[in-house]
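Dear colleague,

I am handing over the structure that we discussed, and I would be glad if you could look through it with the notes that follow.

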Amino acid sequence: MDRLRSPVVRHRALQIAADAVLAALAFYLAFELRFFDTRTGMPERYSTMLWDSIFLVAIGQALLFSLMGLHQKWWRYFNLGDSWAIVRAAAAASVLILAVFTLAQPFGDTNIPRSVLILDFLFTVGLLVAARALAHFIREELPLRRRGRGGAGSVLIVGAGSGGQMVVRELLLNPSLGTPVGFVDDDPNKQGTRPAAGLKVLGPTERMNEILDELEPDEVIIAIPSAPGALRGKVVSACRDREIQVRTLPTVFELLRGGVQLTRQVREVQVEDVLGREPIIEELDTFGGYLRDRIVLVTGAGGSIGSELCRQIARVRPRLLVLVDHAEDNLFQVDRELVSEWHFSRVESVLADCKEADRMLEVMQRFKPEVIFHAAAYKHVPLMEANPLEAVRNNALATRVTAETAAAAGAERFVLISTDKAVDPRTVMGASKAMAEWIVAAAGERYPATRFVAVRFGNVLASSGSVVPIFRRQIERGGPVTVTHPEMTRYFMTIPEAVQLVIRAADLGEATGEIFVLEMGEPVKIVDLAKNMIRLAGYEPETDIPIEFTGPRPGEQLHEQLFATGERSTPTPASRIMRAVREDPISADDVDGLLARIDALLGGGDETNLAAQVIEAATGVAAVTEPGAPAERIQR
C-alpha cells in the first residue's frame, strides 16, 4: 500500500514546491512592478519587507492552495474549467496576506501597499494557470499531435461536440485506428472553430458532398449519439456514393442502458440508425420509479422484448426481479447478462410454462410479485397459421392462466405486451393476441384489486420475428432479398424504445382493463427497408443484390393499423402513448363464453375449424373455408 501511495505523495509534493516557487515569483514581481516607475527605486523599508517575508508568503500560499484542493489534480490534466478554482485560491491567499500584515504588523508602521496585493493576486493567477496549461500541452497535447501524424487512414468526424472531441482523442492515442482530419457540424457557432487538437470545423452537413470530395477521407465517424435518422441517412448516402466507410458512436439508448463506453464502441451504421424517425428519449429513472424496491416478474424473460424489459427494469433497482421462461437457454443467457454485465444480482430465474396453471400459481404464491409484465407469446405469423392450437394455447389461454394466478397472489399491476396484429385480425396469431387483450380487460373487471392494462405496439427492429435479421441473412448469402409486396408497409420501433414506453404506459392506468397504444411514427415501406439494408452492406439493390416479390401471405395485410374498428384514440399525459377506448367493450361474461367455445375446440383437436372460429370470434366476420382445407389457406 505504501508503495502504491508513494508516487502520488511525491508528485503532490513536487506540485506544492512548484506552486511555492510560482507564488514567490508573483510576490517579487508585484513589488518590482509597484516601484518600477520611481526614480529612486524601491524604498529600503519595502525591500526589507519583500525579502524578509517572501519565503513565508510562498510557503503559506502553497499550503493554502493544497488545502483548497489545487493539488488533487495533476497539472497534465488541467483544463480551463479549473481556472476558477485557482482564482478562488489566489483570492483567499490575498485576504490571508492582508490579514497577517495588517493585524500582526511584522514590519511596524509599514503596511503592505494595496497595489502590491492586487498585483500579487493577478500574477499568482496568471502564473499558476500558465504553468498548468504548459504542463498539459507538453504532456498531453504535444504527444497526441506527434502520434497523430502518419496514422492509418484519414478520418472525418461528424459532430464537434464532446463525443467528437473524445473520438479525436482516442484516434490520436491510437494512431493505428486512423488520423482525424477535421469536423463537420451543423451548429453555426462552431463553424471555423478548432474544438480539439487544432482540427477545424469545415462546415455543416449540407456541404458534406463538397467536403468529402475535397478531403477524400478513408472513413467517416458519426460522433453524435442523439443524431436523428435523417442526418445519419444523409451522411451514409453521401459516403456510399464515394465508397467511404461509415461508422457511428452508440446511440443515446445504448448509452443510457449502460455497459457501453462512448469511444470504445464505435460500430457500423445499422438500419435503425437511418430510418428517418426521431428517437424517443425518456428518463427511465423518473417514470420507472414505481418499480424501485418492488418485486417484479417478467414472463417470456428470454425473448426479445422480455430480455430488454429485464435490462431496463434492473436499472431502476427493484427489490427482486423474477425471470420466467420455458426456454432454458434463453433464460440462462439473460440471467447471466444481468448478473455479469449489469451487476444486478437480485434475480431469480424460474423455468415455467405459462400455460400450466398449477405451476404458475406456485410461482406467483412463492414470490408474491407486485408488478407483472406478461411478454411470453408466440409471434411468427406463418408458423402460428400452421399451428393454430398452440397459438391459441400460448397467446390466449396462457394469458388467462397468468392473469388469474397473478390476481390470486395479490399482484398490484399486470401488464400485457400486445401487438398491432391484434387489430381487426386476419391471422390466427393476431386473433389470439386480440383474445389476450379481451382476457386482460375481463380480468380487470373480475379482479378489481389488481390493475390490468395492455400495451399495444407494432414491429420492433432486430427482434427474432423481425424482417431485419431475415434480410440480413439473405444479404449475407448474396440474395435475393424477398419482400412480399412493393406497397407493403409496417410500423417500426427499436426494442429499447418500445420497452421504455411499455414501462411508462404501465404507470398511466387510471382504470383497470385499459389498452395503451404506442405511437410508432410513420409507417415504413418494407421494400425501402430492404434497399437501405442492402446499401448499408455495401451493395446496390437490383444490381448486386436482387429483390424478389413473393406475394402477401395468407391473412397478411398491406398496411397495419394501431386502432381497431370500434376503437377511438384518446390522449394520455405521456407523449407518444395513446389510449384505445372501445365504443362497445366486451364483457367478462362474453369472454368466458368465447373461451368455453375455444376450450371445446381445443379438446376436439380440429385445427381447421379452430383457426376459422378463432378469427371469426376475434373479427366478428365469418371466415369461409373449404371442408378440410389446411389452416394456412384460411382467408378472412
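The buried residues of helix H10 (residues 304–316) are Ser304, Ile305, Gly306, Ser307, Glu308, Leu309, Cys310, Arg311, Gln312, Ile313, Ala314 and Val316, where buried means under 20% relative accessible area with a 1.4 Å probe and protein chains only, over 50% being exposed and anything in between partly exposed. That makes twelve of the 13 residues of H10, which is thus mostly covered. Helices here are DSSP runs of H or I with at least four residues, strands are E runs of at least two, and both are numbered from the N terminus.

Please keep in mind that this is a predicted model, in which local features need pLDDT of at least 70 and side-chain atom pairs count only at pLDDT 80 or more, while totals for chains, interfaces and linings use all residues. Residues are numbered from 1 along each chain as its sequence is written, and side-chain values use heavy atoms, with hydrogens and water left out.

The length of H10 agrees with expectation, because its 13 residues at 1.5 Å a residue should span 18 Å and its end C-alpha atoms are 19 Å apart; the expected span is 1.5 Å times one less than the number of residues. Just after H10, arginine 317 takes a positive phi of about 65°.

The axes of H10 and helix H17 (residues 495–505) come within 9 Å and cross at roughly 65°, the axes being lines fitted to C-alpha atoms over the stretch in contact, with angles from 0 to 180 degrees between N-to-C directions. On the H10 side the contact (heavy atoms within 4.5 Å) involves Ser304, Ile305, Glu308, Leu309, Gln312 and Ile313, which meet Ile495, Pro496, Val499, Gln500, Val502 and Ile503 in H17.

Turning to the strands, S20 (residues 577–582) has five of its six residues buried. Strand S16 (residues 514–518) pairs with S20 in the antiparallel sense over four bridges, pairing requiring at least two DSSP bridges, and phenylalanine 516 has arginine 579 in S20 as its bridge partner. Strand S19 (residues 567–571) also runs antiparallel to S20, joined by five bridges, with proline 571 opposite methionine 578 in S20. S19 and S20 form a hairpin with five residues between them, and arginine 576 in the turn has a positive phi of about 70°.

With best regards
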